[in-house]
Amino acid sequence: MASSLITRLQQVLLLVALAVLPLSLKAQAAPGLPEADKQAIQQYTLTEDVFNRLVAATKEAQAAGIHPQQAGDPSQIHSLDDLARQAMSSDPRIPALIAKHGFTPREFLLANIALMNAGLVVQAKSQPELAKMIDQSKVNAANVAFYEAHQAQIEALLRAGAANGGPEAGNGGQ
């Protein structure tokens, strides 16, 4: 069950930024983040504009062959800005790509985390073990509704990412 959860998390994050995969997971659970960063994560709300830009950036990343990178040193992450710097440094093409689509590194990271968290909540509806691990007081219901409304599009992008050499294409989904 844990490996399928990790695979699903990887799939969700593939949608939004292939290179941010391992870093977003740390942001969600990083107890050392300042309270302001935790609040920013919880309060960030997805919009059509943000989602459309994420989709465009994802398609471009897929076409450019930008794939998930190993996470950097977690002891060096003390804020969302630290996390964004690590994500941006994982591939030299990423900063220009996200800027082209109107994101700052921080907003790009927040949008990724918001989408990932919403995806986890949606997945938890059918997985009781996962549901037990989610703090419902921190769930952004608007993002969950947004994710559910766009789930078919998200799944289509995941399939396209896997077909183009994403995490599921050549390594058994690990």
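Colleague: Which residues does Leu-46 touch, not counting residues up to four places away in sequence?

Modeller: A contact means heavy atoms within 4.5 Å. In this predicted model, Leu-46 touches Ala-111, Ala-114, Leu-115, Asn-143 and Phe-146 beyond that sequence limit. Residues are numbered from 1 along each chain as its sequence is written, and side-chain values use heavy atoms, leaving out hydrogens and water.

Colleague: Which residues touch the most other members of the largest nonpolar core?

Modeller: Such a core is a set of buried Ala, Val, Leu, Ile, Met, Phe, Trp, Tyr and Cys residues joined through side-chain atoms within 4.5 Å; buried means under 20% relative accessible area with a 1.4 Å probe, protein chains only. Among its 42 residues, they are Tyr-44, Leu-46, Val-50, Leu-80, Phe-103 and Phe-108. Helix 7 (105-124) is one of the helices that each supply at least two core residues, and its share, 13 residues, is the largest. Helices are DSSP runs of H or I, at least four residues, numbered from the N terminus.

Colleague: How many residues of helix 5 are buried?

Modeller: Seven of its 10 residues are buried, including Leu-80, Asp-82 and Gln-86.

Colleague: Where is pLDDT below 50?

Modeller: Where pLDDT is low, the predicted coordinates should not be read in detail. The chain averages 75, but residues 1-30 fall below 50, and residues 167-174 stay under 50.

Notes:
Predicted model: local features only at pLDDT ≥ 70, side-chain atom pairs only at ≥ 80, totals over all residues. Buried < 20%, exposed > 50% of the residue type's maximum accessible area, 1.4 Å probe, protein only. pLDDT = per-residue confidence, 0-100.
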